[in-house]
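Please examine the structure shown here before reading on.

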Amino acid sequence: MLYTTPTMMAIRSSIGQSLIGLAFFSTTAVFTPTATAETIIGQSGNVRAEITYDKPEEYQYKNVRLKIIRAGKTILDQKLPQENEYDRPVGNLSGQENNLPVQDLDGKKEPEIIADFFTGGAHCCIYSLIYRYDNKSQKYIKIRHEWGNGGYQLKDLDKDGLPEFDSRDDRFAYAFTSYAASGYPLQIWHYRQAKMIDVTRRYPKLISHHASELWQTYTQIEQEGDDGKGFLAAYLADKYLLGQGEDGWQRVQQAYKKSDRTKYFADLRKFLRETGYIK
């Protein structure tokens, strides 16, 4: 079931649930119908990164290459594997068009390179290749992080001079309802020691605000006739992140009175345990 009412569209826009839109906007801005070759560039200090690719046809992308130049020396120059011909770079998901993020993510005074890609399709998927320079081997080492439908935004949430990846838990997509009616718990990540670390619980004020938005969305779409199961699930996950699982259950059980409530609550509890919200 897809929602097209003005209220639902406004809700999903205002609460920032659909980060995937950000990826599509970036894609639209970067990939023009007449282009046959494109370059995405980023630089920080003496580190410069370039992604080049050919676009023989609309929505077709080939020969995607990444080059990283450090202090005037090419350290990496390689063709990147693609999952399919629609798999393409999308520039900076945080908003700068045709820009490749090159910045210090972990405070080591050495910028990392973030290459974001979209695999194509109606809802999936976005992933990032993050490259860091290893002084010992004098090579760039990469990790891959999957974002699913959601993507991310780089924000310095704790004002320490280093960015966090502000995202959502995409495992909740389709878990209890359609994609359009799904809600998503907050997820915040750090990049440290060449790893992505989930640090969401360190930001209780942001989680609390996010949970309030989810509950507000639930009450509005419930009035429009949706059962709201997707948003109740995400709300309860946020409550567990806050250490308020019991309070969240009481509120959800009081709100949801549909005939399938027993099965829904059992499935929800199992899902929250499997995804790590219930320890």
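Two strands count as paired if DSSP finds at least two bridges between them. Helices (H or I, at least four residues) and strands (E, at least two) are DSSP runs, numbered from the N terminus. The model is a predicted one, in which local features need pLDDT of at least 70 and side-chain atom pairs count only at pLDDT 80 or more, while totals for chains, interfaces and linings use all residues. Residues are numbered from 1 along each chain as its sequence is written, and side-chain values use heavy atoms, with hydrogens and water left out.

Strand E1 (residues 37-44) pairs with strand E2 (residues 47-54) in the antiparallel sense over eight bridges. In this pairing, Ala 37 stands opposite Asp 54 of E2. Two residues lie between the strands of the hairpin, where Gly 45 takes a positive phi near 60°. E2 also pairs with strand E3 (residues 62-70), again in the antiparallel sense, over seven bridges; here Val 47 stands opposite Arg 70 of E3.

Within E2 is Glu 50. Is this residue, Glu 50, buried or exposed? Glu 50 is buried, because its relative accessible area is 18% and buried means under 20% (exposed is over 50%, partly exposed in between; 1.4 Å probe, protein chains only). The side chain of Glu 50 makes a polar contact with the side chain of Arg 48 at 2.8 Å, a polar contact being a pair of N or O atoms within 3.5 Å, of which, within protein, one must be able to donate a hydrogen and the other to accept it, and residues adjacent in sequence count only if both atoms are side-chain atoms.
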